Amino acid sequence: MTLPSERYVLRQGTEADDDVLATNYFRLYMAMGFKESDMMDDWKEYTLKKIAHSRTSQEGKSFVVTDTQDGNKIVASGMAHLFSWDSLHPHIFKPTAVRQGYIWAIFVEPEHRRHGLATKIVQACNAYFKEIGCTDSRLFASDTGRLVYERIGFTQVDKFCVDMMMSLDNK
């Protein structure tokens, strides 16, 4: 799909793009202020395994945007898959009652931001979720990303419970 500017093309990602997806996921956290020393030594291998697991076990798809003026280099990427509560606690709902899509790893190269690329990736993820019968789409947002996602229609919700956290840091 060609985006409003003929410069950018949105397409479904392939396994050949996974290295870029993993690197962009790392860069996302660096942009949020984390340090490289905060990350696991094998962050890339671990992320690549999670991407592969997403495709094989959670109906995952990746989406990328390429820049036609730069040799079709990937300049934005993101991942969509079925959300699973099972890693947190038993999920006892029927899939027809609650089938949620989960969007993660949305990253746009800094010099390509403010062209609607993240919005287009999220819209592609949501279209995919509709195809596979999802009832909701969810994501976790940074403060910067929150504004983008709210413009698309995401809201902060506490649908089943209030997601709460308490710092255990003794500062």
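Is lysine 61 buried, exposed or partly exposed, and at what relative accessibility? In this predicted model, local features need pLDDT of at least 70 and side-chain atom pairs count only at pLDDT 80 or more, while totals for chains, interfaces and linings use all residues. Residues are numbered from 1 along each chain as its sequence is written, and side-chain values use heavy atoms, with hydrogens and water left out.

Lysine 61 counts as partly exposed because its relative accessibility is 21%; buried means under 20% relative accessible area, exposed over 50%, and partly exposed in between (1.4 Å probe, protein chains only). This lysine 61 belongs to strand S2, residues 61-67, where helices (H or I, at least four residues) and strands (E, at least two) are DSSP runs numbered from the N terminus. Isoleucine 51, 10 residues away from lysine 61 in sequence, is 8.9 Å away in space, C-alpha to C-alpha.

Turning to charged pairs, the structure contains seven salt bridges, each a side-chain nitrogen of Lys or Arg within 4 Å of a carboxyl oxygen of Asp or Glu. One of them joins lysine 44 to aspartate 19, with the closest N and O atoms 3.2 Å apart. Lysine 44 sits in helix H2 (residues 43-57) and aspartate 19 in helix H1 (residues 18-31), so this pair ties together parts 25 residues apart in sequence.

Another salt bridge, at 2.8 Å from N to O, brings together the side chains of arginine 27 and glutamate 109. Here helix H1 holds arginine 27, and the loop between strand S4 (100-108) and helix H3 (117-131) holds glutamate 109, so the parts tied together are 82 residues apart in sequence. Glutamate 109 counts as buried, at 7% relative accessibility, whereas arginine 27 is partly exposed, at 28%.
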